[in-house]
Each structure stands twice: as C-alpha cells, then as structure tokens.
Amino acid sequence: MAFRLARALRSAARVVPRVRVVHEPWSQLNVLAAAGIVLGSSVAACKEKKKIQIKEEKKEEKKQLAPGFKEGEPVIKFADVKQHNCIEKGIWVTYRDGVYDITKFVQNHPGGLERILKAASGQIDPFWAMYAQHNVASVKEILGEHRIGHLSEDEYKNLPPPFDPYQTDPKRDPALVIQAAKPFNAECPLSQLEKQEYLTPNPKFFVRNHLPVPTGDLVDPKKYALEIVPGEDEKPVRLTMADLQDEKRFKRRKVCAIVQCSGNRREDQNSVAQVEGLTWYTGAISCAEWEGVALRDVLEYVGVPSDLGMKSELEGEDEQLHLQMEGMDRPKVGEWRDTKGFYGASIPLAWAQDPRRDVILTFKMNGEPLPADHGAPLRCLVPGVAGARSVKWLSKLIVASEESQSHWQQNDYKAFNNSITWETADFTSLPAIQDMPVNSAISAPAAKSLVQLNAEGCVEMKGWAWSGGGRGIARVEVSADGHTWTEAELQRPEGQSLTRTWAWTLWKANIPVPPELQKPGKALTLMVKAVDANYNVQPESIESVWNIRGVLCNGWHKVHVTIQPKRVGKTRLEFGYAE
Ligand code: HEM
C-alpha cells in the first residue's frame, strides 16, 4: 500500500506538463529595447527578485531536511530513540534532526521488513544515502506522517556524522559534469564531446553508478575470481584474473564501442513533463577501446556448448536461455551488506555466444587497466546494448532459463507509452531495454550560445550519432528550420562494417541559415536527426517518446542559439540593448 502511495504521490507530482521554456535571450531583449525599457533598473529588480527566490528556496530546503515538522512538537533525546528498537517497544528512527515512530509502517515497507529493521533505533540517513529511491519528495512525505518530535539542536550537532557508504569512492576528474554525487553519476563534458575525439579519455568517460564503488579484497586483481555457473544444477567454476589473462588459454580481443545510459538526453523529456531519473543532457555517452577476452570463449572453456544459446532461441520464447550477470556493487552500511540487493542484469545467451556481437569480458580501457569507476577488475562489455547490461565489477555469470531477476532488469529500464503513469505502469508487460534505438546529438554549438555566421551565411555544427544492435549510421541531417535538411559529413568508425558498428559516427556540417533568419541577435533553433543502416530514423517529437522513466529519448535533438549581435559602441550592441 505504501508502495502504491509513493508511486501515486510521485506521479501526481511529476506528470504535470511543464511549460516549455525556450531560451532566446537576445530576441527577448529586442522587444524590451523596442519598448524603451531601461535595462539598468530592471537588472537591479532582477537581482532583488533572485535574492528573494534564493531565500525562499533555502526555507524550502530546510523544510525538506527533516519532513513532517509540527509547531510545538516535543524535543526527544537520542538515548530515547535508542530504547525503541523492536515492535513491542515501538520502532523509532531519526532522519537528520527529525524523530519518527515507524512501528505502524514497517510491515508495509516496499523494501521489506528485514531491511527497514536494520535502521531501527538509529539514523536512517546512511541507508537512504544507499537506496536512492528514498530521496524523493513522495517518500519523505510518508516519513513525515510518522514524525513525533525532533532532537535538540545541540544534540543533533554533536551526533557523529552518519556513516557515508560512498566515502571510499575513487577521486574523479573535476571536468566531469556531476548529475548525482552519491551514487556517483556524471556526464562526459561537452568540451570533450566538442573535440570529436574517437576515444574518450578514461577520466572524462561518463560514469553511471547505482551504488558505491566496491573496494578491498573483492576487487583486488590478485585475489579476484569470477564465478561461472554453466547451467542449472551445474557446479560453479572459478577463474582468476591470471586465468582470464592467460593468452594461451584465451585469445585477446579488442573492441571499440560506445557505452550509453538508456536515460541519455532525459532532460529533453523533462522539458515536456517531469520524468523520474538523473537529469542527463547529451553526455551520458562515451566511446573507448576495450580489451579483454571473448565471453563466448570463456563460456565454452567452462563447458557451455557454443551453439546452446542459438539452439534455445530456435526452440521458442519459453526455451530461450539467458546469461545473468551479477556485480559486486551491493548496498552496505558499516559491517552490514545487503546480500540480495546487488546490481544485476542479463542478455540472451545467444548474444553472449554470437561472434558477431563481440561481447567481451574486459580488463583494459583505452590501453590502461580498467579504472575503478568503470568496473575494475572485470566488466562485461555488451556493445550496441543499453549500458545497464554492461555489468561492472563482475562477480558471477549464470547460464539460466530466466532473465536476471534484479530490480534493474525487471522493474527499471523499460519504456512505457506516454499515457502510462506510475500508478498504471506494469513492468511485466514490457521487455527489458537491450539494443538501443538510433540517436544523435549536437555537441557544438552549445545550447544558448552566441554563434557567428561564416561568409556563406552558414553555422558550423558538430556532433555524434549511433544506433544499437551493430547498425551503422547511413545519414545524419541537420536543419535550422525543420523543413530544409542538409546532409552532414560523416566520420564512421574505422574497420567496423555497417552491420557491426559499435562505436559512434562523428559528424560535422556547415548549415545554411535561411536568409530571413540571417540577422544579428536573431534566435535560431538548430536540429539534427540520424538514420541508421536499417533506415530507422529518429522521431520528430520528444512528446511521442516521452515515458515516466525518461528512457530512450531519441527525438530530433535541438539547440537554441543566437546569432552574434553587432557591436555599435563600447557597451552597446545593435538594436540599442546593453551587452
Ligand atoms: C522510515 C524508513 C523508511 C521508509 C519510510 C521507507 C520507505 C520506502 C518506500 C516508500 C519505498 C518505495 C519507493 C519507490 O516508490 O520506489 C521504499 C523502497 C525500498 N526501501 Fe525503504 N524506507 C525506509 C527505510 C529503509 C531502509 C532502512 C532500507 C534498507 C536497509 C530500505 C530499503 C528499501 C529498498 C531496497 C527499497 C526498494 C524496494 C523495491 O523497489 O524492490 N528502506 N522504501
């Protein structure tokens, strides 16, 4: 019930269409200038307004800290909270400085009784830092209903800081565009995408983590072992890193491939109506050369017949076999590790064994040992497929008659039609996202920037395009009005055929701006769409692909820019407005 309530609250809060804000700064200023409004005074008014807004936001943030605050509520000692540790005495917890009696809620907890009791009589902060699904207003609202008081300011200040499960995460390149700090999720910077380098340097490669980065013996290459279960009721086989890297046993393979989060470009869906998930712009994608061993070779080595997956598919859906993958990333707070909550995913066994799909177990990225954020010591790299299936920190492979039962395979990464809400979503009705649809994005010029027209009245554009399942890119087209399209010059990945393309196709174009739009200070919308080798084309509207989870956003990508206004004085630009 609580689960449905959370979903309902969330859907009510999120599926309200937002007004689309189109940033056309200069054209708005033109109007102001024409009306003779003095900008100096409006700037001061704006600053004042901003101050008030920041104050309001701070107030709001404070209210959000510990939900459910009631005027005149009692001050409770932390020692009292400690006494309430079982159903008979009542179960109390703290969140920030708030105190909550959750005795009546625990049986309804969507994450199970056993888990919620781990936080009994203590702070839930470290647990919620781990299970990010709690960090939404709807869940905090549920907690707020159980509030019974708060800790005194002094006691709260003197409490030891809650255990931070992310404290052992690696250091990262400050250029990464952080979308969430814990778990760490960050985009490849636009400045890197703009460079149009085929291989993204490791420190700039986008990061998608669901949990803290595993540390210690588990990931020590000298102590590491991959467990493989070759079939139901079969004995697991363990392979060490030395076994996997033994070139007499396994031939080395290299594959240049994209990894893209299926939520890349989610922000475009947010501009239609708020969806749930990280606010990715266009940088949840990067490309590297991965080195390792073919998964099919390893499976064969442990006794899985090389045609088992294909045969199982030929026998029909019910007989299809899957390759389940388990990661070492699992929730832990202090000494406690959640044995059921590990990251997991699966792909059809036939793909894992298909030499054309180039699935590898990788331990090197761009010629260097795999970095911690990208799955060291071993990652399963599944080219052409949603990044979520390229399981990092790989601990176990299982040949099984069913898909992975993990949350991320069953209840996430599925794209519903745009009228489905969180209340009506039935995750069993859709397949897990695997091969990705055709997509492209503009890396230059940047959104909201000022652009120069060249002598021919053109703007230079650059970007990337790719499609899943190995489908190469046939065409990329750009436009400044949505009617006339110009073909971009393509740089396809070297040595990858159009039926087995795993890396991105980089493109650039000089796009002619229609004469009626070639005016200094004029707002322009530049757009791109790609067509893959199977002639799948990106849909025009984002609305048509909008879904509650904001995945698979592949409508035409658009950026709003402004033609550089002409300077007519030291601080004045053409049309009379200030710089
Ligand atoms: C007062 C404390 C808590 C409250 C009010 C609470 C509430 C909730 C709610 C409303 C959801 C559903 C979220 C959604 O819509 O996806 C949820 C899910 C979950 N919770 Fe909690 N929770 C609490 C404490 C905990 C603790 C301490 C743990 C772990 C030790 C935990 C682990 C989980 C997990 C794993 C799920 C996901 C279940 C699934 O989707 O399969 N929760 N919780």
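# Close-up views of a predicted protein model

Of the 579 residues of the protein, 41% count as buried, and the views that follow are taken from a model that is predicted. The chain contains 15 helices and 28 strands.

**View 1**

**View 2. The hairpin of E16 and E17.**
Strand E17, residues 368-369, pairs with E16 in the antiparallel sense through two bridges, and one place to look is Lys364, whose bridge partner in E17 is Pro369. Which residue takes a positive phi in the hairpin of E16 and E17? It is Asn366, with a phi near 50°, in a hairpin that has two residues between the strands.

**View 3. An open sheet of five strands, from E9 to E15.**
In this open sheet the five strands follow the order E9-E8-E19-E12-E15, and their pairing is mixed. Strand E9 (237-240) and strand E15 (344-348) are the edge strands, each of them pairing on one side only. On average, and with direction ignored, neighbouring strands of this sheet are turned by 20° against each other. Inside the sheet, strand E12 (residues 322-327) and strand E19 (residues 394-400) run antiparallel and are joined by six bridges, with Gly327 standing opposite Leu394 of E19.

**View 4. The largest nonpolar core, seen around Ala257.**
The largest nonpolar core of the protein has 128 residues, and those with the most contacts inside it are Ala257 and Leu526. Strand E11 gives the most to this core, contributing six residues. If residues up to four places away in sequence are left out, Ala257 touches Cys287, Trp290, Leu381, Pro383, Trp502 and Ala503.

**View 5**
Five strands, in the order E21-E28-E27-E23-E24, form an open sheet with mixed pairing. The edge strands here are strand E21 (450-451) and strand E24 (486-487), and each pairs on one side only. Strand E27, residues 523-532, is joined by six bridges to strand E28, residues 557-563, and the two run antiparallel. In this pair Leu526 stands opposite Val559 of E28, and Leu526 is one of the residues with the most contacts inside the largest nonpolar core.

**View 6. Strand E26 and its partners E22 and E25.**
Strand E22 (residues 458-466) and strand E26 (residues 505-512) pair in the antiparallel sense over eight bridges, and the bridge partner of Ala465 in E26 is Thr505. Strand E25 (residues 489-491) pairs with E26 as well, again in the antiparallel sense, over three bridges. In that pairing, Glu489 has Lys508 of E26 as its bridge partner.

**View 7. The buried side of helix H7.**
Helix H7 covers residues 137-144, and its buried residues are Val139, Ile142 and Leu143. These residues cover an arc of only 100° around the axis, which means that they lie on the same side of H7. An α-helix has 3.6 residues a turn, so residues three or four places apart point the same way.

**View 8. The two ends of the chain and the confidence of the model.**
The mean pLDDT of the protein is 88, and 87% of its residues reach 70 or more. Over residues 1-43, however, pLDDT stays under 50, and for this stretch the model has 63 contacts beyond four places in sequence. Residues 573-579 likewise keep a pLDDT under 50, with 23 contacts beyond four places in sequence in the model. Where pLDDT is low, the predicted coordinates should not be read in detail.

Technical notes:
Residues are numbered from 1 along each chain as its sequence is written. This is a predicted model: local features need pLDDT of at least 70, side-chain atom pairs count only at pLDDT 80 or more; totals for chains, interfaces and linings use all residues. Two strands pair if DSSP finds at least two bridges between them. Helices (H or I, at least four residues) and strands (E, at least two) are DSSP runs, numbered from the N terminus. A residue is buried if 20 or more other C-beta atoms lie within 10 Å of its own, exposed if 12 or fewer, and partly exposed in between; C-beta atoms are placed from the backbone. Axes are lines fitted to C-alpha atoms, for helices over the stretch in contact, and angles run from 0 to 180 degrees between N-to-C directions. A nonpolar core is a set of buried Ala, Val, Leu, Ile, Met, Phe, Trp, Tyr and Cys residues joined through C-beta atoms within 7 Å. Two residues are in contact if their C-beta atoms, placed from the backbone, lie within 7 Å. The arc is that of the directions from the helix axis to the C-beta atoms. pLDDT is the predictor's confidence in each residue, from 0 to 100.
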